[in-house]
Every structure is written in C-alpha cells, then in structure tokens.
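Please keep the sequence and the model at hand while reading.

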Amino acid sequence: MTSRRHFLGMAGGAIAAATVSRPALAALPEPVIETSASTRPPLHPSTGRPYNPVVTLNGWTLPWRMNKGVKEFHLVAEPVNRELAPGMIAHLWGYNGQSPGPTIEVVEGDQVRIFVTNRLPERTSMHWHGQRLPNGMDGVSGLTQPAIQPGKTFVYEFVAKRPGTFMYHPHADEMTQMAMGMMGMWITHPAKAHPHISTVDRDFCFLLSAYDIEPGSALPKPSTMTDFNLWTWNSRVFPGIDTLNVRQHDKVRIRVGNLTMTNHPIHMHGHEFTITGTDGGPIPHSARWPEVTTDIAVGQMRQLEFVADEPGDWAIHCHKSHHTMNAMGHGLPNMIGVEQGELAERISNLIPGYMKMGESGMAEMGEMKMPLPANTLPMMTGDGPYGSLEMGGMFSVIKVRRDQKPGDYSDPGWYTPRKGTVAYEYGAAPPEAHRAEHAAHRDASVEVTVKKPEAGHGH
Amino acid sequence: MYGLAKQARCLTLVSAFGLMLGGCAHLDRATLLEHTQRDLALSHPASLTDTSSDINPLLARPLDRAAAERLMLLHSPALRALIRQAEADIAQSAASGRPANPVLGFTRLTGPEVEIERALSIGLFDLLTWPQRQRVSTAAQQQQQLQLSMTLLSELRAVRLAWVDAVAAQQQLSYAEDVAESAAIAGDLADKMQKAGSISALDLARQRAFAAEAANRLTEARLHTQQQRERLIRQLGLNDEQAASLALPEQLPDLPATARSAEQINQRVKEQRLDVRLARAALATAAAEQSLSLPESYTRAELTLHAKRTGPERSQGWELGVALPVFDTGELTRQGMDARTQAAALQLDATLRRAGSSLRSQYGDYLTRFDIARRQRSTLLPLREQIAHENLLRYNGMLISVFELLDSAREQINTVIDTIEAERRFWQADAALESELLGAPTLSTGDQP
C-alpha cells in the first residue's frame, strides 16, 4: 500500500518543523511511504522523458515530481518494520517505510535533486554508489559533506550521466546503518538506443543483504562479521521472496547488487544467461560469455540477461547452500546414524515435547513444522506442488509461462508440466547392483601394525 | 503410758500437719504437665497429658509437622524420660521442704533392774523455719518445671527442624535423580554418537566424566536423604518397626501468603518469655535459700522428750540441745548466698537484655528466608521454565543441540532443587522463630547435623 502522508503530520514531524527552514519546507516534495513488502507493478513515467521501467522484487519505485525541469525525489531515512517472510518482522532502518528503500529510476542526462531527511536517532548521509557526480555530492560524511543530523534534510543534486545499475546507501556509521538495512537501487535508463544495452520485456532488480537476528528477537546485530543467519533479497527470505513471473520467450534482465559481507554465486536453472553490465557500465558483446552461475562479490552489481524460452518453474538461488537456509545453529553435532531408540523416550520423560531429530538427515525439519521461538522462521521450509521445498534465505523461482500476458507480473501458480515430462518412481524393484568383490569386505577393517624399532637391534 | 500416749498424739498431729503442708507444696505430675503444656503453647491440648499411647493412627498417614510433634511428645522414650526426671527432681525438692522426721528412741537395759527409756526428739529449728523451707521448695519446683518446659521446647524445635530437613531431602532426591538421568542420557547419547563416528574421543570422555560425576552426586543425595530421615526417626524415638512404616509428605508445606508481621512479633510480652521466667525463678529460689540459710547457718536446736522407767520408778522430762556458733559463725555461708542471689539477679537482667536482640535477629532471618523462598518460587522458577521452553523451541529450530537442551533441562531442575532448599531454610527459620517467640535461647538455624 503506497500512501502519500504529509510529512508534518507524521510522528516526529515536530522535529522536522523545528529544524527545517520555512522556504526549504515549502520546497520539499511530500515523502511517499510504502507500507507493504509485496512487489509493486512497474511505475510508468507520467512526467519527464519516457523509459521502460523496472520491477523491484518485493519493492517499489519512488514517485517523483518535476520542478522546472528537475526531477525531485524525497527519501526519508527512518526506522521501519520489515516483514522478512510471513511469520517474521525485523526491526530495521530503511527509507520511506521499507528496507530496502524505494528504487530511484531516472533517464540518462536527467537533472536530479534528491531531498534526504534524517528521521533516525543518529546522523546519516547518502552515497550514490557508482555514479559520476561532483565530489561534494558523493555523500561521504566528514570527507565530502557534514553528516545529516537527526531531524535535518539535505539536498543532493547532480546530472545522471551514465546509464546503468547503481545503488544508494549511507556513508556515516556505515557498518551499523547497512547492517540495519539502509540501502536502495538506482536505475539510470539510457536516453536513446545504446549498442550495449538491449531493450528487454521484463527488467527485475534486487539487492542482496544479510542480517544477524537472534532467533526470538527482531533487531539485527550490526557488529556481526560472518555469522549472519538471514540471507535476503531486498530484505526478504524464502518463502517471502516473490517469484519472477515472465512470459515465454520474453527477454529478461535481472539486476542484482550485493551489499552483504560476502560473495554470492547466483545460479539460475533451465537457462543460460550472460552478464551484460556491471555498476561500471554495459559490457561490450565481445566480452560476454554464457553461464548459469555468476559470482557477485561484495559491493558489486551484475546484470543477468536471458531469453525465457523454457516454460516451467525454474529455481534461482545463491549456490552457497547455507544461504538458502534461514537461522540455524552452527555448532550442532551431526546426528546422522545416531539411533536414539529408548534414549528418545528417556529424554521425553525429562523434557515433554522432545522429538528426536537429525537421525537420518535434516529434511524432517522442513516437514515436522514444530513450534519455534517467536518471530523466527524455520531453517528450511516452503511447500511446493510435490512436497516440502526445504529451503530458506536466497531462493526464488522464475516462472516461465506461455500464457503470461505482457505487463502481467502476477503469480501464475505452480507449473503444470506436459505428461511424461516429470521424473517418476520406477515401478519394479531395482535389480541387484553388481559390486566389486572387495566392496563386500569393506567392513573388515584393515589392521595396520606398526613395528616399533627394537633396542639392541644392531644397525 | 500416759506420757507416751500423749507423745504419740502429739506426733500424729505433727505428722498430719506436716503431710498437709507437704501435700500443698508438691507439684504433682498432672499439674506439672498442665503447666508445661501451657508454657509450650501446644496447639493440640491433649498431647502431654494424653495417656492413650496408640500412635498407629499417626503413623498410618504421611506424617505432617504437627503429627511429628505430637508423636514425639506422646511416644518418644527419651522425651518421657526427661519428664520423669523432672518429676523426680521436683519430688526431691518437695521433700527438702519438709522438716526432718521426729526420732523415737527406745532403750532397754538389763542389770539389777530392767531399765526402759523412751525419747522423742524433734529438730526445733526445722519446725520454726518450716514456712521458709516451704518457700524454697516451692521456688525450686517452679524453677524445675520451667526448666522442663525449656528442655521440651528445645526438643520440639529439634523435631521440627528434623522434620523439615527430612521432608526437603526426600523432595529434593527425586529431582537429583532427574539431574543424574539427564547427565546419564547425555553420556549414553555420546556413546551412540561414537558408534556413528560423530563425536571426538575428547568430547566423549567429557560426557562420560560428567555422567559419572552426576552419578556420584546422586549417591551423595541418597545418603543425605537417608541421614535426615534417620535423624527424624531418632528425634521421634521410633523403634525399628515403626521407623520402617514411617511415611513423610511428598513436599514441604506451601509458603504462607504473607510473612508474620512485625506487630505480631512485638506483641509478645518479653516478661512472658520462658527464658526470662526461668531466670526469674532462679532468682526467687536463690533469694528464698538465702533467707533460710541465715538462721540455719549458725544455729541448730533440738528438743527431746524423755520417758524413763527403771523398775517400778518412772521419770520424765525434756532436753534442749543448742549448737553454739563458735567455730562457724555462718559468715562465709552468708557471703556465698548473697553472691549467689546477686548472680541470679544479674543473670535475669542479662536474659532480659538478650531477649530483644535475639528476637530481632531471628525475625530478620525469618523475613529474609521468606523473601528468598518466595522470589525463588514465584519469579525464578517460572523464568527457568520459560528458559527451558524457549530452549525446546530452539532445539525444534535446529538452533541448539540436544546436549544444550539437556543442559537447559538440568538448569531448570537445579532451580527446583534450589527452590526446595530455599523453602527448607524458610521453614527452619519459621520453627526457630516459633521457639524464639516462646523464649528458647537462639541457636543457629543453619545446616543442622
């Protein structure tokens, strides 16, 4: 639900009124606040030059106003409650009601003015990651500008010179503020046809971010370096990440930026893609190669492009398997093959409600759906048409459908495959496998006898 | 004959008079028990004077605290011995209040003539100081009766403490078994993990060592429970058969909703305390003895009536013997008695002064034990339960291992054990305060043997 709320009418508005001068106040565009975490349809430009808008996964594009030829946006940095997936709300910092903030879409050559209001309890700033701009607009507090104090509004103004995929994020108390979810996408569309930028039918974008939220709590721990337990796309985790729904034969672009503390090999099923651009700009055709996984390093952006010609439900995910899991314990012993038998009963007598787990692997965790700490997502979860999906974190599905209408981004439901195209169980008992003779004796351990040197054995 | 008959009549009168006086001054058994019972403020009136010695109904059910007191008072041979001993002491004191019996002398001599002489002697000063003797005797008996009350109060406190400790130990034991079981499970699980190859030799050894330690602690706990039970059995004075059938309640009583208020405590009049009354009785005895010793110390007089027949001749007369205070003027005895009386007076003063502080100290202990026990039960215990529950949820989410879950369960059980311990200490403080209110000297309420 996108709502235009008058800034002065919001809680905390008194601070803004007291600290923002009257002429500046009169010049401020009304901030637009988003209250939902669902994917908004593309925002087609009604003013300014035309372009082909993107779809922000579980996000939205910030509306602007034209002021004497200048595109004006208003970003409000503020604490937000972001639903990471149904069943879990994270207390984050973000922009205009959500984390990440809204996507800013402009056209190459646009004069852009962005008002940044700080409604956080501490100072902030805004860095326009990857942009060509005057040094004083780069947003590094202390280096290129004073920090934006709580209650203050700063104005950034520059020309969007280079077409491409960018990000924005704070450069003041950066570790804390990014660990709290402050970031957003910036798309500069080409002003005219560009030899290295293709026109696509569907253009998706999202940011990778990671949080360490103690199970049962809601606020991320900003000083975590490596032990993050929630790996998100646009501050959502599976099964809260929307699917990428496309029409068969669509040319599809997916723009991914990494603001986590580690690399993410993003892997797509069913199709090959090429990387057509980075945050450094479009890549010449001669420098592209096909692949099915691309590693996105920290602070990098990648544009994946492919033609969705294979109908079906195709998984897309980070290939680090811990990143397709939600919160889990890292110090758990491996209980595979540990038959608990009557021990389980003894534990139950002591701890009513105990269930043995892990004896044959961890998949039962996805199925058992046992009560968890409040505001905590299962480590692996999700139901597909054929059973438990046993996933979490950075996982979604590209849904390619013959009958998905152009401009329709709604979820078409599970794929119905053609008869005879789904893996099936073999009806008869499998034949006895031929084993090599020595394999049968594997259990008989080979005894290694070490002969100790004996004293007095003349050399 | 006439003379002797007159003497005999006189003797009879004296004896009757003596018996009457003596009868009045002796604290008999029923009165002794009645007074003692009143001193102890026993809630079950029949207990000391109850003659029906059937204790089977008391042993038929789990023995609560009141029943334990009753059982001891009714049945314990050691306790009955204390009462009998007090009776004996009192009887002796009563006897010492009476004058020495008159002595009848009869002499028959044969010679030229048969000579028969009869003499009746009586201690003159015994008769003259009879009222003082009675006062000494009465004071001593009163003191002995109060001493008995004091001793029984100590016994009552001892049985209350023993009961509280025995019940608490038994209650804690079942939880100690759970603690050991959780450690044993962890050890067994580690063994299974070793077969699967998922535990290091180091961790396996740690788990086994932990289980063995827990087993040792359980063995200790079992011994402790047995020792506490036997202590109670001794205090109750049960024989082997009765001891075998003794059942205790499964748990200590619930904490009272509110602690006894300071007003309730202060209402008790210091003068009514047993220790004060005992000190006062000791002073009265000393004073009475002093007044008696004054004449007795230097003077003794004896009157003897004589009747003599030598052949046909009869003669009669009397004889008065008086001890002369030549060597012992009684000075030293008087000084000693004087000092003894002053010592008793000072002792009374000291007891009065100690009583207030002792009561405040005991009440402070009682209030603190109440606060700790209540916080333990109404705050800590629910929190530990919540922690255990949250850990179960975490285990469900594969956030913690089964070992951590067992640790958490053990922590929770240990809090239950600590809670029982806190309640045990409260009920000990309560028993001690109860004795203190009646005026028993304060003893440490800490761990009793």
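In this predicted model, 28 residues of chain B are in contact with 33 residues of chain A, where contact means heavy atoms within 4.5 Å. Local features need pLDDT of at least 70 and side-chain atom pairs count only at pLDDT 80 or more, whereas totals for chains, interfaces and linings use all residues. Residues are numbered from 1 along each chain as its sequence is written, chains are lettered from A and ligands numbered from 1 in the order in which they are written, and side-chain values use heavy atoms, with hydrogens and water left out.

**The interface**

The area buried between chain B and chain A is about 2,600 Å², and carbon and sulfur atoms give 72% of this area. Buried area is the accessible area (1.4 Å probe) that two parts lose on being put together, summed over both. Of the area that chain B buries against chain A, 27% comes from B:N396, B:M398 and B:L399, more than from any other three residues.

Three salt bridges are found across the interface of chain B and chain A; a salt bridge is a side-chain nitrogen of Lys or Arg within 4 Å of a carboxyl oxygen of Asp or Glu. One salt bridge joins the side chains of A:R346 and B:D188, at 2.7 Å from N to O.

On the side of chain B that touches chain A, the elements giving two or more residues are α7 (130-196), α12 (331-396) and α13 (402-438) of chain B. The largest share comes from α7(B), with 10 residues.

| Class, side of chain B touching chain A | Count |
|---|---|
| Nonpolar | 17 residues |
| Polar | five residues |

**Chain B itself**

Chain B has 13 helices and four strands; helices (H or I, at least four residues) and strands (E, at least two) are DSSP runs, numbered from the N terminus. Of its 449 residues, 43% count as buried, that is, under 20% relative accessible area, with exposed over 50% and partly exposed in between (1.4 Å probe, protein chains only).

B:H389 lies in helix α12 of chain B. Why does B:H389 count as partly exposed? The reason is that B:H389 has 44% relative accessibility. Between B:H389 and B:A409 there are 9.1 Å in space, C-alpha to C-alpha, and the two are 20 residues apart in sequence.

Terms used: Ala, Val, Leu, Ile, Met, Phe, Trp, Tyr, Cys and Pro count as nonpolar, Asp, Glu, Lys and Arg as charged, and the others, Gly among them, as polar.
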